[in-house]
Amino acid sequence: MQKKTVRDINVARKRVLVRVDFNVPLDMNSGAISDDSRIRASLPTIRYLIDHKARIILCSHLGRPKGEVVEELRIAPVANCLSQLIGLPVNAVADCVGQRIENEVRELKQGDILFLENVRFHPEEEANDPYFAQELAQLADVYVNDAFSAAHRVHASIVGVAKYLPAVAGFLMEEELNAMSKLLTSPAHPFACLIGGAKVGDKIDLIQNMLKRIDILLLGGGMAATFLKAQGHEIGHSLVEKDKLNLAKELLREAEEWKVPLILPVDMVVADEIKVNTVTKVVPISDIPPTGCLVDIGPKTVELFSNELRKCHTIMWNGPLGVYEIAQFAQGTRSLAEFLSTVNAVTVIGGGSSAEIVHEMGLTDKMTHVSTGGGASLRFLEGLPLPGVEALPNKI
Ligand code: ADP
Ligand code: MG
């Protein structure tokens, strides 16, 4: 990677401000952390800093408090979770800037960990206010950005602060950038993209940027309906983005120009309604009833997609292939996730929902890389710069 990392600077005895993204999902009723994978993902950076005798100041956002203190979104439970994972005390403080916090930071000894309060309690964070960024910077001697999944945001703790301190990438940031850049610059061929999700509009830029790099494109999810419609199929009551029909036709054309086979489902699971315990049936795409909704890919499509993917050396998967939140409609997505965990290829999973499924199925370690950043990885693979990455200096 071209960006400087924690390995490239001396952190011993320094106050190190580490921007992490510990914006973890919280259970709506109990407030408990329902998935700690983002916290686990930054442990290597934090452990390295401890081993190298840094004084650690962690900073994260949690949820969307919109510039106000929201009791349910305090950082303390997250700090607690980290403390348990790392087996060391983590001191959660009541704010992220100001005299009191500066005093707390002054007390830090080598290897101590302090966790600043939710940075989005201050409206200046999302406004990328330069004075607020300076206040954050004032707490530390060095800035480490390990928050890949927030790197698409132009916020004070991600972009602003990097102007005022020696700034480097953490190990998670490095790993994410390496995995994603490899897909764009030097993937092992044949290279396949498997793309699902709700809408064509969300993935259009991704598909366009990948077409010139890939050897085959497999499409499922809600957007497959729009493509099937563009090819003249009956698609019942499925979600179709009428304004995107022409876009789908344009993409079919572009794929042809790039000589990339664009493979659509050959059978679908059709339901009367998108809800639990409804009647479903599997039909070939030539036989979709005018009243049904397409909720998942069918078993023949799973087989077809698996056979194509088996020939590939690199596979990027983004977006569920059906309405996976409802167990009855999750089979296609789960089968392909399971399949990807067995192939002898580089497998990179981007997209919030897709990553969640992989974690939930316990397959994370069987994939080459599961991104922690849905929006950030999408943006990166669309070929757009990530402001949080741009703000970090390159290696000389
Ligand atoms: P990711 O977060 O992995 O990038 P997206 O955000 O693009 O994925 O899409 C996830 C959403 O797509 C899920 O909420 C899922 O229910 C929805 N989806 C998938 N297939 C369909 C379908 N056939 N009809 C409607 N929604 C779908
Ligand atoms: Mg999503």
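A polar contact is taken here as a pair of N or O atoms within 3.5 Å. In the predicted model, serine 354 meets this cut-off with ligand 1, because an N or O atom of its side chain lies 2.7 Å from an oxygen atom of the ligand. Glutamate 325 also has a side-chain N or O atom at 2.5 Å from an oxygen atom of ligand 1. For asparagine 318, the distance from a polar side-chain atom to an oxygen atom of the ligand is 3.4 Å.

The protein chain is assigned two domains, with domain 1 covering residues 6–172 and domain 2 covering residues 179–381. Their C-alpha centres are separated by 35 Å. The contact between them involves eight residues of domain 1 and nine residues of domain 2. The size of an interface is often expressed as the accessible area lost when the parts come together. For domain 1 and domain 2, the buried area is about 690 Å², and carbon and sulfur atoms contribute 68% of this area. On the side of domain 1 that touches domain 2, helix H1 (residues 37–41) supplies the largest share, with three residues. By residue class, this side of domain 1 consists of three nonpolar, three polar and two charged residues.

In the structure as a whole, 12 salt bridges are present. One of them joins aspartate 141 and arginine 15, with the closest N and O atoms 2.9 Å apart. This pair links distant parts of the chain, the two residues being 126 residues apart. Arginine 15 belongs to strand E1 (residues 15–19), whereas aspartate 141 is in the loop between helix H6 (130–138) and strand E5 (142–145).

Two features of the backbone were also noted. Most residues other than glycine have a negative phi, and most peptide bonds are trans. Lysine 66, a residue other than glycine, has a positive phi, near 55 degrees. Lysine 66 is located in the loop between strand E2 (55–59) and helix H3 (76–86). The peptide bond between histidine 189 and proline 190 is cis, with omega about 0 degrees. Proline 190 is placed in the loop that runs between helix H7 (171–185) and strand E7 (191–195).

Methods
Residues are numbered from 1 along each chain as its sequence is written. Chains are lettered from A and ligands numbered from 1 in the order in which they are written. This is a predicted model: local features need pLDDT of at least 70, side-chain atom pairs count only at pLDDT 80 or more; totals for chains, interfaces and linings use all residues. Side-chain values use heavy atoms; hydrogens and water are left out. Domain bounds come from an automatic or database domain assignment. Contact means heavy atoms within 4.5 Å. Buried area is the accessible area (1.4 Å probe) that two parts lose on being put together, summed over both. Helices (H or I, at least four residues) and strands (E, at least two) are DSSP runs, numbered from the N terminus. Ala, Val, Leu, Ile, Met, Phe, Trp, Tyr, Cys and Pro count as nonpolar, Asp, Glu, Lys and Arg as charged, and the others, Gly among them, as polar. A polar contact is a pair of N or O atoms within 3.5 Å; within protein, one must be able to donate a hydrogen and the other to accept it, and residues adjacent in sequence count only if both atoms are side-chain atoms. A salt bridge is a side-chain nitrogen of Lys or Arg within 4 Å of a carboxyl oxygen of Asp or Glu.
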